[in-house]
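Hi,

Here is the structure I said I would pass on.

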Amino acid sequence: MTLAHERTAQFLEGVRRERRQIITPEGVPVTVDLADYGERLIAFMLDLVIWLVLTLAIYIPIIAAIAASGGSLIAISIALFIGFVVRNMYFVYFELAWRGATPGKRLVGLRVIDRAGGPLLPSAIVARNLTREVETFIPLGVLLTWGKAATGDWESLAIALWLLFFAALPFINRDRMRGGDLIAGTMVISLPKRVLSSDLVENTAQYTFTELQLRAYGAFELQVLEELLRHPDTPETMRVLNEVCDKICRKIGWATPVPPAEVVPFLREFYTAERGFLEREQLYGKVRADKFSPPTKAG
Amino acid sequence: MTVTDIAADRSALEAGGAAKTELVLKSSEFRKGREAGWRELEGLVGRVERRGVRALSLDELQRLPILYRAALSSLSVARTIALDRNLLLYLESLALRSFLAVYGPRANAFQGLRAFFGHELPAAVRSARWHILIAALCLVVGTVAGFMLTMQDEAWYTSFVPSGLAGGRGPASTRADLLDKEIFAPWPGAAESFGLFANVLFSHNTMIGIMTFGLGMAAGVPTVMLSVYQGLPLGAMLALHHNRDLTLDFVGWLTIHGVTELGALILFAAGGLVIAEKILFPGRYSRIENLALHGRVAAQIAVGAVLMLFVAAILEGGFRQLIQSTPWRLAVGLGVGALWLAYFGLVGRNASKTGVNALLDKAGPNALLEERRR
């Protein structure tokens, strides 16, 4: 994505998304949006809830069965072990079967991909999820169950530091990788679905714009205008469109006033002419990012 | 540009006779010609995302890579000729989604686990054999030091062995004490041994292991120190039993789980040393890059070590006191040790060469089709 598009995105969406490029094996760079911390946290929480429900569904009959026979400690051990297995199998299974997305990630719209753009190998998925165990769950379990009983203060402190370090890791590297991602060579991206709307280009030209008039704007203004024209038809949109129309007329010195009913057709034709002009210029290597960039004179 | 400029420009145009021009945009024509293909690809990818590759028929599978490559080329062209934001965003998203559909993981959980335990884990351990040797040497140095010092003066025992580990044993213990309460203590029953004891041991050892591993980040110095330090109580306990003529019984008591447990601790330390090496000697990469490149090996070793500790905890907590004879304990311990050696040393030796490549081959666009035909 070029600089102009980046600026349009920031202007229109209000937030600045971290973007990276991966190169597909075919050699084409594709832009990916890094997942936000919030999105990842929500996805993880969802997965945790699903895991808990799943494990409890398996636990309760087992605990009931064993408690009836008297061996409650065995029950706890078996329950812990099943929790361990279900937790790991859950993440590994879904990330393999659903192409890098657990149910939580899928609901939020996240995917795990190979950082270099290669195929996501099963070993990477296994590595990134088994590391989660070493990274968080085992130390957390030790801290919660045995922290007071079996380990000393220094060990508890070491565990706490360990947990803190891995919790902080996604915040201190630029690709927001947690330990498992770092090791497996993966990253988590957000994957929004985009819809292809109809082309705004008008083929019948009622108005004619001169080259000098079209030179008034750049790609940024063009894309903002495009976004405006694609907005649903509400009184509010109409008001903004009228304002924009006035501004454009003043800027390009359009003398004849545009009647209110003609505002949308006029703007669409201006959009078409402007886009045609800018695209032609771009093809000749004269890219104009916005109205402030120096005018490139032909010839 | 000024308004007068524009006015002049406009009047010049009008003077020349402004003819109504039919506007033809290259990007618009480009879109008209290709939109059908994009829509078809979008439909196929949507179905793969929802229901997996199985949702597609053979014909559709054949179309998928073709449409995918066409979409990629459309994206490249659109980036140079089009300024339609909606179109560009759509193509970016479509290219990425179809890339993920075509190059997604092509194995189920079982195959993934088999690949991991079948050749990647043993291969990672084999690749770190020098680190393992160094870690083992550190442990031996610690053990010998602990043994020598405690042989001279049993007072060292109390400073080497933390009270939690000593379990009431010490210079004051007599031969009979050690035999009845420790080496041939009665089996406490399934619940106590498998349930509580094994869990405590697993947690405790894992923590020590993780510390040894993680502190490899600090250039490996703490890793080496911890390895030596772990040998000290071992040597001290050996000396204590040696002085009471219980060497063989103690070794048997220790071997049944110790081979696995110490093996795991050595693996943790070796993983820490791998990290330390990658940080200390980054070669032509930056330190973080080098760590990311080789970190996978270290993590795989750590996962293997956790696995070993798990087995060790079951052996120690459950079976040690169940088997009440020294020869049998030695046999079980050494047998398990031989199994670990065979696993890490031999498993996946041939597969490791072809394994990753085979997986890569299997992940290409045409692999989808071949997989379905099989």
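**The cores**

The largest nonpolar core has 126 residues, and the members that touch the most others are B:A71, B:L267, B:A270, B:I301 and B:A302. Helix α12 of chain B, residues 247-280, gives this core its largest share, 14 residues. There is also a second, separate core of 17 residues, with B:Y157, B:F160, B:L240 and B:L246 among them. Before you read too much into any of this, keep in mind that the model is predicted.

Setting aside neighbours within four places in sequence, B:A71 is in contact with B:W38, B:L41, B:L91, B:L94, B:A95 and B:S98.

The scores for the model are ipTM 0.83 and pTM 0.72. Chain B has a mean pLDDT of 77, with 76% of its residues at 70 or more.

**Chain A and its sheet**

Chain A has 299 residues, of which 34% count as buried. Its secondary structure comes to 11 helices and 4 strands. Taking the contacts in chain A with a separation of 6 or more, 67% are between residues 24 or more positions apart.

In what order do the strands of the open sheet in chain A run? The order is β1-β2-β4-β3, 4 strands with antiparallel pairing. β1 and β3 (110-114) of chain A are at the edges with a single partner strand each, so one side of each has no neighbour in the sheet. On average, neighbouring strands in this sheet are turned by 50° against each other, ignoring direction.

Going through the pairs:

- β1(A), residues 19-23, and β2(A), residues 29-34, are antiparallel and pair over 5 bridges. A:I22 stands opposite A:V30 in β2(A).
- β1(A) and β2(A) make a hairpin with 5 residues between them, and in the turn A:G27 has a positive phi of about 90°.
- β2(A) is joined by 2 bridges to β4(A), residues 186-190, and the two run antiparallel. A:D33 has A:S190 in β4(A) as its bridge partner.

Which helix lies across β2 and β3 of chain A? That is α4 of chain B, residues 85-102, running at about 90° to β2(A). This helix is mostly covered, with 16 of the 18 residues of α4(B) buried. The length of α4(B) checks out too: its end C-alpha atoms are 25 Å apart, which agrees with the 26 Å that 18 residues should span at 1.5 Å a residue.

Helix α9 of chain A, residues 219-230, has 12 residues. From first C-alpha to last, α9(A) reaches 16 Å, close to the 16 Å expected at 1.5 Å a residue. The buried residues of α9(A) are A:A219, A:F220, A:E221, A:L222, A:Q223, A:L225 and A:E226.

Not counting residues up to four places away in sequence, A:I50 touches A:P103 and A:G104. A:P103 is 53 residues from A:I50 along the chain, and their C-alpha atoms are separated by 8.5 Å.

A:W254 lies in the loop between α10 (235-252) and α11 (263-283) of chain A. With 19 C-beta neighbours inside 10 Å, A:W254 counts as partly exposed. A:W254 and A:R174 are 80 residues apart along the chain, and their C-alpha atoms are separated by 48 Å.

Over to you!

Conventions: Residues numbered from 1 in each chain as written. Chains lettered and ligands numbered in written order. Predicted model: local features only at pLDDT ≥ 70, side-chain atom pairs only at ≥ 80, totals over all residues. Pairing = 2+ DSSP bridges. pLDDT = per-residue confidence, 0-100. Expected span 1.5 Å × (residues − 1). Buried ≥ 20, exposed ≤ 12 C-beta atoms within 10 Å, placed from the backbone. Axes fitted to C-alpha atoms, helices over the stretch in contact; angles between N-to-C directions. Contact = placed C-beta atoms within 7 Å. Core = buried A, V, L, I, M, F, W, Y, C linked by C-beta atoms within 7 Å.
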